Structure formats: C-alpha cells, structure tokens
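Dear colleague,

I am handing over the structure below, and after it I set out what was found. Please read the notes alongside the coordinates.

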Amino acid sequence: MTVRTRWLVPALLASTAALAAQGQATAYLGARILPGGGPPIENGVLVVAGGKIVAVGGQGTAVPAGAATVDCAGRTITPGLIDASFRGGAALADLNEQGEEVTPHLRALDCLDPDDPAFARALAAGVTTVHVMPGTRNVIGGLGCVVKTAGAEPAARVLKDAASLRIVMGAEPSMGNRAIRGGRVDSIYYRRPTTRMGVVWEVRKAFHDARQALEQSVGAAPSPPSPGREVLARVLRGELTAYTTARSEQDIRTALRIAAEFGYQTVIDEAQDAYVVADELAAAKVTVLLGAPSAPQVAGPGSADGAEPRYATARLLAERGIPFVITTGSNFAALDLVREAMFAARNGMSVAQALDAVTIAPARLLGIDGRTGSLAPGKDADFVVWSHDPLDPAAVAESVHIDGNPVPASR
Amino acid sequence: MKRSPTWAVLAPVCAAAALCCRPAAAQDLLLQARRIVIAADTVLDDGRVLVRQGKVAYVGADVPAESRARRLDYGDATIVPGFVLAHATLGQERDLAERALPFTPDLRAAEAFDPWHKELLPLPRHGITAAALSPAPTNVAGGIAALVKTGRDRGVLGADLHLMLSLAAPARDPERPPTSLMGAVDLLRRAFDATQKGQATGPDAAVLRQALQGTRAVFVHADTFAELNAALDLGRDFGLRLVLVSARDAGKVLPRLAQQQAAVVLDTLQPEARLAQLQLPTRLAEAGVPFCFAGRPELLRRSAALAVRHGLDRRTALMALTRVPAALLDQTGSLGALRQGCAADFAVFTGDPLDLDSAHVATWVDGALVAGREPARTAAPAAATAAGVR
Amino acid sequence: MNRFLPIATAALLVAAPATAQDVLAVKGGRVVTVTGPSIDDGVVLIQNGRIARIAKAADVEIPWTAKVIDATGKVVMPTWVIAHSQGGQRGFNENMQNVPWLSVADAIDPAALYFEEALRSGVGTIHVLPGNQTLLGGSGMVVRPFGRTVEDMAVSARTGIKLSLLASGGGRLQQIRRLRRALEDVREYLADYERRKAEFEQEKAAGAVPADKTWTEELDRTKKPACDLVQKKTKGWLFVPTVAELEEALRLCQQLDLVLVLGANIDEGVPLLKRLGQPVVLDDEIEYFETDEETQKERKVCPPKLLADAGVPFALSLGLGGPTSHPWWQLGTCVRNGVDRQRAIEALTTVPARLLGLGDQVGALAEGMLGNLQILTGDPLQATSWVDTVVLDGEVVYERSQDPKLKYLFARDLAPAAKPAEGGGQTPKAGPEGNGDATGGGAGANGKPKDGGR
C-alpha cells in the first residue's frame, strides 16, 4: 500500500460524514473485520446507517441500495476500543476530593472536561469509550462514569453517569495524611487513615454503617439520609459494582476479603500481582483489570505497595479462565490502549484474546455491551479503520467513527 | 436611596463630604455635547441633557433654554451613560471571602464595603459609575453582592443583589474541603437539593430558596469547560437565573448558554490572549447570549475596544458596558442609560469611548462631577437660543 | 523495585568461548541482509569470527565440523548498531565541564544491566559516549554488549569525543560561549606549541642548539584529544538539545568533523539539517505531541518522518527504559508515521555503522563482515517477535531459552515462594532455575515449540 492511497481513505470518509448524519446507509467494503468476541471476517462488509450498525458479515452481505460505499481493502476494522480505567479527562486534583477519605457519592462525571486533550489522544488511538473513575487518593473515591471520547454534545457522550464505585486499597489513600501528635493541628490532612490498617478500617466502617442503616430501615425510624451511605447501600444490594484498586498480593487478598465480608460484587483494578492469587480470584469469580501491562514498574506512588508485575500475568489469567480487561489505568507510563493490548500479545496472549480484552470484555464488564464493544447489528456504529492489524506496532487508526460519524482525525 | 445599616453609622461623615457638592446638585444643569449616547442604540447629535436633583430630567435636541440651569457645553465631546461593573471585588478580596468556610451563601458583601477604599477612587476616571461588589471566588458559595456607586456620597445602592457562587479554581482550596471540582459541585447540588426538599433551614437555606424561586439571580464563577458545564447543569436542574462570571471557555458551551438563557460577565480581555478568547464576545453576541465586560476597572474600556477590534459591533460593545450589566443587576430603571428618570450617571470622552484614542474628560455621578473637569467654556446663551429655535 | 538486579549478566551466558577455528552455520531462516536482497531458506556461514558465505541453503555445503543453528521459520539479520548511547556506564556526566582527556573505558561496567538488555533486544554494537551534561566530555568507545572486561567488549576505541551544547547553568548563550572559548584555548595552545617547535628548529638550524638535540616535547596529555578534534584528526559527537542551538552546531560543523546528536524536540530544525546534508543521530523520543498555543489542539510530531522526507539520513537511538528501549517499537513508530520500512531498518544498522566508521564491519550481513547476527522468531517490526539467539563474532552470546530474566517473568509456577528475596544479594540462580522450570519458559511463551537452539 502506498502512502498516497492511505491518505485517500480519510478524505473519502469525511465526505460520507454528512450522509451518515442523515441516516443514509454507508457500507465499508473489503476490510478484514475483527468484530470483537467472534472470529475474524476476511474481505468483510460493514453497513452503517443512522449512527447504528445495520449489518456486518462476509463478502456476500447485502448492501442496501443507494448506500454510499467506502473501499477499505487492505485495512482492518475493529470495534471502537473501550478503556475500562482511563486516567484523564479531568485534572487529577479534581478527581481526588481530599476533604474526606470516604466520599462514595462524588461523581467523576462532574469534573470531566469534554475537551480534555486526553480524550482527543485516546480517540486518535482508536478508543471510543472510556470509564473514568475518581482518583486513587481516597479510600472510597466515588462514582465512575462511562463516556464516549467524542460526540456532538457533552451530554450525549455519557453512557453511564454512575457505573462503578471506586475503592482503593494499599498505601496510596493514606499517603497524604499525617498523624496527630499533639501540637498545632492546622490542616485537614491530620486525620486517618495513615496506615493500611486504617484504610481497611475506613472501608469496613463505611459499609458497616451502610448495612446498619439498611437493616434499621425495616421497621425502625429511618436514620437521616446520607448520600454516601445510599451509594454504599446500592453496592450492598448488588445494584452497583465496586472497583477495588489493589495492586499487591496483600491488597488483592484484602479486597476480596472485605467484599466477601459484606457480600458485595467487586472488580479488582490494577491487579498487578494477580498471578500470585489466581486461585482466590478464580474462586471469587471476580473480573480483573490489568493496568498498563507494558509498564515494567507499578503505577505512580503505588510502587510502595510492593506489587511486582510479570509478563506472564495476562496469559495466565486467560488460561485460568479468569475474566480480565486490559486498561491504561493509573500508570503515567501507560501507552495507548491498543499498544497495551499489543504488549499483552507480545507476552504470550493470543491476538484475539488481547483484542477482546479491550473491546467486548470491558463492554460486558461495564454493562454497555448492548450498545458497543463489538460489531453487531443494532449496536452503536463505533468502529476504527486501522492501516495494519491493530496489534502491529505500525498500525495507525486511519479513521475513528463514533455513532457512525467519522471523527475528524486532527492529528 | 436604600441604605445599609453600616452606612447609617457613616452618614455624618458623608454628609460633610456631600456638603461641598450640594450647590452643584441643587442647581439644575444643562449639558450639551456633539454626541449624546442616550442608550447604546439611541444617539443624539448636538443634544442636551437636563439634570435635576441628580436625575436625568430631560434629554433631547429641543430642551427649552431654562434660565436657572447652569449651562455646560462639552463641545465636540461624547457623553455616554456611566459604565457599570457587574462583578468587582475592588481590591477588597480579603474581606470578601470567609476563608475558613467554603459555603457561606448568606454573607453580605455590603458589610465589607469600605467607602473610602483606595481602589474605589480611580473608578470614575475609567468611566465607571456603579459596580456590584461581589464576594470573592474563593468560596463555593460566597454570599450576596451589593451595588455601590462611585459618586461623592459613595452609597451602597442595594445591599441585596444576586447570590455569588464559584466553581472556579480558587474555590477548590487544598487546605479545606472541597479540594476538588467533584466535591464543589456535590456541595452545591446537595445544598440546593436539601433546600428544594425543605430539609434545610436557616439563613443559608433562605438565600438558596430565593434562588430556587427565581427571585434572586445566581452568579457563578466558572472558567473551564467542566466548570461551566457543572454550573449549567445546576442551573438547569434547579431552575436558577444563571449568570456565569469570567467564563473563559464560554465559547465551548454556546448552545447551552443560549438554550438556558444564561448571561455572561467576562473578565478582562488581554491583547495577548488566544484568538478564541478575543473573539468570544463576538461569538456570544452571534449566539444571542447577553454578556457584559468586567474585570480590572482600568482595563474595562480596553476590553471592549479589543472585542470591537475582533469583530464585535460597537452597539453591542457599548451595551456590554452599560445596559447589559445594569440589567444583570436588575437596575435598568436607573442605570445603564440616560433616559428620563435614570440617575444622572455619565461619562464624557473626547470621542467614541470604544476608540482608545478618545480621552476621558469627565465623569458625573448623580448629577455631580466626580472625576475630570467641567468644560472650559459654558454654553453661550445665543447658541442655546439657536438650538431652542431649531 | 527491580528484583532482577542480582541476576547478573554472567548467568546469561552459557556459551563456551569459541576458538578461532570454529565454524558456525545458521541455516533455514529467512536471511535479511539489509544491504542486499533477502534470502529465504538461507545459510550464513561464519568462520574465524567473520561471515564467510551467505547463500541459499541449496547452494551451500555446510562443513561437517560446523556448529549448526537451525533457524527454520525464523528471521536471521544483522544485530542492531547504536550510534550514541550513555548506557552501561557508572556515572556518565562528569561534573567538571572541560574534560576531553577522560574516556568512557573507565566508566563502562561490563556487568551493567544495560548490556544484558541490549543483547536481549538483539543489539550487537554500541557506541558508548559520555553524557550530555559536559561541555567537552571525553572519548567514547564502540563495544559489543558481551564480555567480562572492557577489553573483551571493545570493538574500537578512540571514536571521538563528546561535546554538548546543553546549557549547564548560565543559559544557552553562555554554553555556546564556553564551547567557543574552550576550542579557542586549544587552538591557542596548539599554535603556541607549533611556534615553540618552529623556534627550536630555527635555533637548531642557526647552531644555537646542539645538532644532536631533537624536539622531545609532546602535546599535553590532557589536551591531546581536544587537539585532535580541532585538527580534525578525530570526530566530535555534539549534543544539540534544541533547535535554538542548531545554528551554532552547523557553524561548528564547518570547523570540526562533527556528528550531531539531536535532542527530542528538533522538528523545526529539519530544513537546517537538510542544508547540512550529513547523517544525524536522533533522540530515542521520536514521536511526541505539540500543543498549538492558539487552538490548544495537539499535533503529533515524528522527526524521523520529517528527516526521511527531507532526505537526511538518520540513526535511531534506544531508550534506557520504557517502550523506546525496544528496537521493534522504534522501527514500528517510524513505519506508522510513514517512514519507509527499509529506511527505518537502515537507521539501526547501516547508517550508524557508517557513522562509526564500521560500515564494512557491522550493520549488514555480507561476506567479510563481522559475524554478528540475531535470530528472531518473526518479523523484526512485530511486537510478537522475540530475539531467540544473538551471535557476535561467530560466537553465540545469547539464547532466549536460557535467559533467566525471561524465565522468571514468564514462569508458570507463580507461587509466592518463587519470588526472590527483596534486595537479596548474590542469588543469581535462586529463582527460576531452582524452581525447576524445565520447559524453558521463554520459548513456551508464544505457545511455540521449544526451540532446539544448539
């Protein structure tokens, strides 16, 4: 393929943008289609209309009469990638409310900047949907949201405003705090927790209070409503999934133990040491988020947690049937999501598994698989046309489509 | 004139100060100039303004020559309504923010007003005749703004203006909660929600209730896309009369601003700012979003001139200095125009105030000269007669 | 955090030292010669440490004494050549600013992890130079990342001295002034030396000095390398941190024999570099984003693409960690930004080899060149390809199936007990090998059959 033809495709796509908006069908022909969660389709056909996928299949797939066609020969089409733990979209200080250590009711959505360059960057690398959680400096940080990385209007980009409750184990939530040792106490940072024990204590106390309130509400006079407690009650009732950030073996075990103690469902986020506790993870039937598998070092201040990533982790989880999702997570050294999947493939996972771990698997985990995560009729037309196989280091997202609209590749 | 309790204490002092200007105030004044801007869209060529008891008694070309009026002829100059600052802290930030607490909606800026503060003195020199003294943006809910005038008697014209909120960076203080935008938004949402459900009582809730009922406008300091969206969300969810202050990224939420009928109070425009920033006034005007200029008083005219340079039409620019801020402060009856019955607040420039080569000549507040000079020559009776005949 | 540190390089190397008469044959792989056409099912014969023959398997008879490596289904290509690196040294930035007499030979640590990683990545030739923070920093040295002593590793010494325009207190202009002053001092010293020598000869000719006396004074040892530089007897490797210093660098290029080692953010300098018309060495960050001040939009910048378009040859560098430490990542980055694949490969082989004056020794597979090659499991530009074997001077120096670090990172038995004790000193074999991982973790990583190796 010459460079010349490569630039032709985006130009063609741009001209179909108007058509897509009007609901007219557009057919993408001749590409290798990796639909997500299914076998690859050689020389495939993808038909999109009204922002939705109308048909996807092999060469024989019917193309509606009057549909605009885009020749994608030599390209690969995948669903838009989904980053189930995306650090970006807001200033870090705004994602960490330091006034309290337990803030379950705070919403990451409230501080998202729809124009944050992180979205544009993710989009250019083929990511169409991200899950943004509050930061990792609080024991219970708050509610995560799922948004698309582009769209006509910020409100239309929101898929879920409360998709998760972030809980953080380990040293990070206690790092900024100081112990009160007499003398002047002139800062909000003189408070618990200052230890791992303190972190666990805060989680346990929060859920204990929430459970107490739930039990009391039957018969007895209702305790005064507390927004945080209501969120925790939703977790206890199984209506909301907790995402517990636990990097080291010790923290993963603690996260599983507390979830079991209160009987709530959790996802283990940034589980670098998952390979050590594979049996426990399998038994607890939890999903594992693997943050930045490319990074040789554990994320940021979390390195104090003593976790030790290994190349074999992703492959091992795949072999053990432990559901897992590849994310960029809180690691500053994280690469584009597609490159993280590439590193997972480099380290021994099958290409199909690596790709599923950034498309259909996160969609199922976040409960948005009805709308995105794979290429199937009826789903949002979120897809990427890649110059090469997406896990080739030379691959670039030639065009990224959200709701059928090719998003201008500004970069 | 409505006066604050504090003001009553200071009244004797000011009475003395007012003495010196009494002769001028008592006598009717007849001013004339080449151009008199009655309102941004009504300009009078070679007209007169009759000032009586500190108010505009008559304005027009055919003012009958009144023998008792003192006649002042500003010659080739232009008379415009005094500029109104819809948001100002006037160098009194320290007294306009309760630093220990993030949420103080019932505090009153009027109580922090120092009529002899040095920052107040230069305002008339920049054509400013009234300003809304507002709680500083360091509090999530700062309190209630006050309307002050820059006239000789330095009164608090209204102590009970809009409620000032802030989601901007200064409101998120790392040393007290909330430290994050998430927390700040939550704090406001929860407070309005509790008030709406009748769960909250006390003076804070009373102020919020007025905001919910629409009887009190809500000014929100917000700059970034995220902050503006959060403010607009609050406005939508609780039906607030919303004015966004500073609003750096307002260009990104134009459709929402228009849809929710929110207004914008702009900060100082800097010549070195990004083009998008300098074109923001034009884009706001095109989208039909009411806006006014504010920020540093000495750069107010420059802001408007920069906006004109970047495409804003002069009429809208002048509105944004006079009529719009007066409207945002609910003072259209007395401020922002030189119509009959309005306060005789005006500024005199050698030419169009939106041209930076026009010099400031004088500023009059409530019919009294507070800055600049009277014209060197008084109007010749013959000329007055001629005008009267015409 | 890195617990591999104790596992020293020594443990990597299992090959017995080759004797001079050894013949090594690599057969069955796809031979990528870089300078010539690629050969499927080819054979590379290495004799006495040099490549004796490259041909189709059918056309070669492998001597029965040869040690044979079966590379069937794999890719055989020259080891990578790194034109400029600060890795593998213990302290590479001398605090004193003007120290041209120093040499990296005294800083290179043969046991450094850097060399171990280099072998793992298929790097066979490294030009080690002093750091970027010293004005006149001392001599560099070309080494291979294998050997117990610096002498073992040496490929060529006296490869030139390092110069840097990186502002070291006092700002950019000050640094430029300092460098000019330093070079001027050397010139003055040389002129003075020559004058005194000429006077001596004159006096001798006039009979004032006994005829049997000869001029014995040598150049000052601490000034000699700098003298060689100003006399163009040796190369200078000039670090140019930003575009702002580029004009000065070009000026210096007219006086000295310089190779420019560029900083990361150099894209605006491409027209100047085109004017210079010499190959340059790039920073390891070759893809970055620039924010437009006005629109706040980010723009991707890839200097190799700009240089390729301008026709300026360039050598790539490898980072000391992160993705840019992988040759396949660097090459992939070039290709995805539109650089021709062959040109990208040349930027890690022939271009740096020529810059080092080793164009006829390394950087390609050709008869008569040094017997340096790597055997990869697949295409060198794919993330899923691994370096299986590295041969330097006809000697197998790395085998993935024996690599303790990879064995450890890919170990299947992941019981916590297998973790080496934190900071646990000299326990090179405690982890993976003591664990009895008989399947050879690395080889099994891709679910591929265990490679026969040798």
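In this predicted model, chain B holds an open sheet of six strands with mixed pairing, in the order β8-β11-β12-β13-β14-β15; strands (E, at least two residues) and helices (H or I, at least four) are DSSP runs, numbered from the N terminus, and two strands pair if DSSP finds at least two bridges between them. Because β8 (141-144) and β15 (291-293) of chain B each have a single partner strand, they stand at the edges, and one side of each is left without a neighbour in the sheet. β8(B) pairs with β11 (residues 163-166) of chain B in the antiparallel sense over three bridges, and I144(B) stands opposite L163(B) in β11(B).

Some backbone geometry also deserves a look. Most residues other than glycine have a negative phi, and most peptide bonds are trans. The bond from P177(B) to P178(B), however, is cis, with omega near -5°, and P178(B) has its place in the loop between β11 and α3 (181-196) of chain B.

R158(C), in strand β9 (residues 154-164) of chain C, has a positive phi near 50° and is partly exposed, with 15 other C-beta atoms within 10 Å.

Residues are numbered from 1 along each chain as its sequence is written, while chains are lettered from A and ligands numbered from 1 in the order in which they are written. As the model is predicted, local features need pLDDT of at least 70 and side-chain atom pairs count only at pLDDT 80 or more, whereas totals for chains, interfaces and linings use all residues.

Notes. Buried ≥ 20, exposed ≤ 12 C-beta atoms within 10 Å, placed from the backbone.
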